[in-house]
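My notes follow in the order I looked things up.

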Amino acid sequence: MRQVRIPTTREIEAIYALMDEPPVSYDCGRLCDDGTGPLCCQTRNAVPSVYRWEWQYLKKRTSMWHLWRPRNDRERRDLVDCKTACDVYVECEGASRCDRSFRAFVCRTFPLEPYIENDWSMSGLVFNTDFENICPLTSRPRDLRPRFIMAAVEAWHWLIRVEHEMHEVYRDWSQALRRRNGQLDQPVMGFDLQGNWTILRPSRPGLSRRGKPRRPR
């Protein structure tokens, strides 16, 4: 069993400062605001999760966040029943009352998430697949600011070192993305570790990369 390491307050504040970068040079919330705020700030579109150590940090410093509760059986089945052990679902006061200094890690890195190879290495970042064709930025990759992309690369490298369970989750999600795009004969597009928008995996890759055996927990 791997020992869980709890990030220090200084580490959390440093990673928040690192990711205090807007994703684009304009207010992207205006692209998807239906009159009730940007879609990524509404739990009817996405329920944010924070890591347990992050929740302990946030709830002592701001009243912006509260624990989210499922509103019906579908939400309980789709979200609560498949939640990982290392995080909790939360809800904020909405975009108009956002205390930006206490935005969660997932808010700061949205809409990017890590792309993990079979050998456990992170080879780049992809758009959150749950928001494909929903978040306008997923069709505007070149609008993303280079400083935001590179900060996200560093932040996600840090996170998967801290949260081993999420490293596994993102490895599994990346495998599913490869399978899906392979069936569709489409490449996996994303940002490489230098921040370039590129093909992370071709549509017909030939022999797949063999992964290492499952790491001891």
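I started with helix H1 (residues 9–18) and helix H6 (residues 146–162) in this predicted model. Their axes come within 9 Å and cross at roughly 155°. An angle over 145 degrees counts as roughly antiparallel, so I logged H1 as roughly antiparallel to H6. I noted the crossing of H1 and H6 as left-handed.

Next I listed who touches whom. From H1 I found Glu11, Ile15 and Leu18. They meet Ala151, Glu154, Ala155 and Trp158 of H6. By class, this contact of H1 with H6 holds five nonpolar and two charged residues, and no polar ones.

I then moved along to H6 and helix H7 (residues 164–183). Here the axes come within 5 Å, and the crossing is at roughly 115°. On the H6 side I wrote down Trp156, Leu159, Ile160, Arg161 and Val162. On the H7 side I wrote down His164, Met166, His167 and Tyr170. The contact of H6 with H7 divides into six nonpolar, two polar and one charged residues.

Which residues of helix H3 (residues 52–59) are buried? I got Trp53, Glu54, Trp55, Tyr57 and Leu58. I checked what covers them. The cover includes helices H1, H5 (105–109) and H6. It also includes strands S1 (49–51), S2 (66–67) and S3 (87–91).

Then I turned to Cys41. I placed Cys41 in the loop between helix H2 (29–32) and S1. Is Cys41 buried, partly exposed or exposed? Its relative accessible area is 33%. Buried would need under 20% and exposed over 50%, so I recorded Cys41 as partly exposed. Leaving aside neighbours within four places in sequence, I found Cys41 in contact with Cys92, Gly94 and Ala95.

Last, I looked at the whole chain. I counted seven helices and seven strands. From the N terminus on, I read the order as α-α-β-α-β-α-β-α-β-β-α-α-β-β. Of the 217 residues, 44% are buried. The chain exposes about 12,400 Å², and carbon and sulfur atoms supply 49% of that area. I also checked contacts between residues at least 6 apart in sequence: 72% of them join residues at least 24 apart.

Definitions and conventions: Residues are numbered from 1 along each chain as its sequence is written. This is a predicted model: local features need pLDDT of at least 70, side-chain atom pairs count only at pLDDT 80 or more; totals for chains, interfaces and linings use all residues. Side-chain values use heavy atoms; hydrogens and water are left out. Helices (H or I, at least four residues) and strands (E, at least two) are DSSP runs, numbered from the N terminus. Buried means under 20% relative accessible area, exposed over 50%, partly exposed in between (1.4 Å probe, protein chains only). Contact means heavy atoms within 4.5 Å. Accessible areas come from the Shrake-Rupley method with a 1.4 Å probe; for residues, only the protein chains shown count as cover. Axes are lines fitted to C-alpha atoms, for helices over the stretch in contact, and angles run from 0 to 180 degrees between N-to-C directions. Angles under 35 degrees count as roughly parallel, over 145 as roughly antiparallel, 65 to 115 as roughly perpendicular and the rest as oblique. A crossing is left-handed if the near helix is turned anticlockwise from the far one by less than a right angle, and right-handed if clockwise. Ala, Val, Leu, Ile, Met, Phe, Trp, Tyr, Cys and Pro count as nonpolar, Asp, Glu, Lys and Arg as charged, and the others, Gly among them, as polar.
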